[in-house]
Amino acid sequence: MKKILFFILILFSLFVFSTTHDYRSITQITFVNSIGIDYNIESDEFTMYFFILNNYTFAQTGNSASFTNTHAYTAKETDKTILGAENKIRNNSNTKFDLRHVRSLVLSESFFTSNNLKHLIDYFVNNINYNPSFEIYTTSDNLAELYKIEHFSEVSGYYTILVNTQNNIPVNHVTYNNLCNDVLIPNYTVSYQKIKLKKGVIESGEEKYISLNFDGCSFINESNQLISFKYINLHGLGYFITNGNRTIVIEEASEVYNFSPNKFKIDYYIKNNKLIIEVDINGAFLNANLDNNENELKEILIKKISNDIILMNDTLINYDIDFFNIGYRYKNKYNYKEIKLDFKFNISLI
């Protein structure tokens, strides 16, 4: 009987010890979900932000967060180097930061210089605290304001910019490896999603809360300068970056048409010294005039998409951006600034 009691006592002690150890580990380690880096040109200093998601409260509410709890916290420090800023955050905190689960890196537009990009790559190469599988985003907004977001709307929760990674979202992903290739490999071009603060997606009474949105994309040109464009100013980008999932507004003469794509697939390749753009569309005109027949509606859609892509390509070429990666994909066999575009459409109206 004594042996049984002794055995039970040992099991109880082990249970208490293990649970206490687990509790201490959880409370002493903070998991960083996103990192932001800003650069001040005048002071030549970097400001690093750690975005820390309150995983407990977020798990209780899901993406549609309530308005009563704080769901995220931010730590930040400034230094002459990125590593120095990270060390300051660590040294000025009584908790340990785990960076292995970082899902996104948000870079301010002011960060993009040749020296800073090389400094960033060296920082991650020499830092064993990271598993650099995160995604890269750019922003022209204040990072401190961006990381203040506490209320996750359908936009910011679904797109998981600061939270996690989903593979089914309708935008292109850019990883850290893409950034390295963009900087280190000649003629390699990457499109970075551009984050914008958005107010009014989620509301409570008369109060409108800040959420996040993709409003365009950025490119690093041949001089390692960041060039950014908004979708509303360069519609053609949306066909490639967002997979054409948005309603296409067409102004034709005095008429305005709204085309809602159910399926939008776009591909491109070079054939007979031309860049062929293949567009496969299935969708419906929401407000088509009954006087228009199906062929006329198809021609209106073809004209709109073709003109948008031609304008997009001409604009990007003026900024020395090889959007279609012609130089890299075809080993400089073709000059991306001289090659002509041709189109093939397969349209099914429903």
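Colleague: Hi! Quick one to start: how many residues sit between β2 and β3 in their hairpin?

Modeller: Hi! There are four residues between β2 and β3 in that hairpin. This is a predicted model, and in it D44 in the turn has a positive phi of about 55°.

Colleague: And do those two strands run parallel or antiparallel?

Modeller: β2 and β3 pair in the antiparallel sense, over seven bridges. As an example to look for, I35 has F50 as its bridge partner in β3.

Colleague: Which strand pairs with β2 in the parallel sense?

Modeller: That would be β6, with four bridges to β2. I35 turns up here too: its bridge partner in β6 is L105.

Colleague: Is β2 mostly covered or mostly open, then?

Modeller: Mostly covered, with five of its seven residues buried.

Colleague: Which of its residues are buried?

Modeller: In α4 the buried ones are N116, L117, L120, I121, Y123 and F124. Looking down the axis of α4, these buried residues fall within an arc of 155°, so they line one face of the helix.

Colleague: What's exposed on the face turned away from that buried side?

Modeller: N115 and V125 are the exposed residues there.

Colleague: Nice. New topic: what's the strand order in the open sheet of four strands?

Modeller: The order is β11-β12-β13-β14, with mixed pairing. The edge strands are β11 (248-252) and β14 (340-349), each pairing on one side only. From one strand to the next, the twist averages 40°.

Colleague: How do β11 and β12 pair?

Modeller: In the antiparallel sense, over five bridges. There, I250 has Y257 in β12 as its bridge partner.

Colleague: Which helix packs on that sheet?

Modeller: α9, residues 294-318, which touches β11, β12, β13 and β14. The direction of α9 makes about 145° with that of β14.

Colleague: Last one: how many helices and strands are in the chain?

Modeller: Ten helices and 14 strands. Of the 350 residues in the chain, 45% count as buried.

Notes
Residues are numbered from 1 along each chain as its sequence is written. This is a predicted model: local features need pLDDT of at least 70, side-chain atom pairs count only at pLDDT 80 or more; totals for chains, interfaces and linings use all residues. Side-chain values use heavy atoms; hydrogens and water are left out. Buried means under 20% relative accessible area, exposed over 50%, partly exposed in between (1.4 Å probe, protein chains only). The arc is that of the directions from the helix axis to the C-beta atoms. Two strands pair if DSSP finds at least two bridges between them. Axes are lines fitted to C-alpha atoms, for helices over the stretch in contact, and angles run from 0 to 180 degrees between N-to-C directions. Contact means heavy atoms within 4.5 Å.
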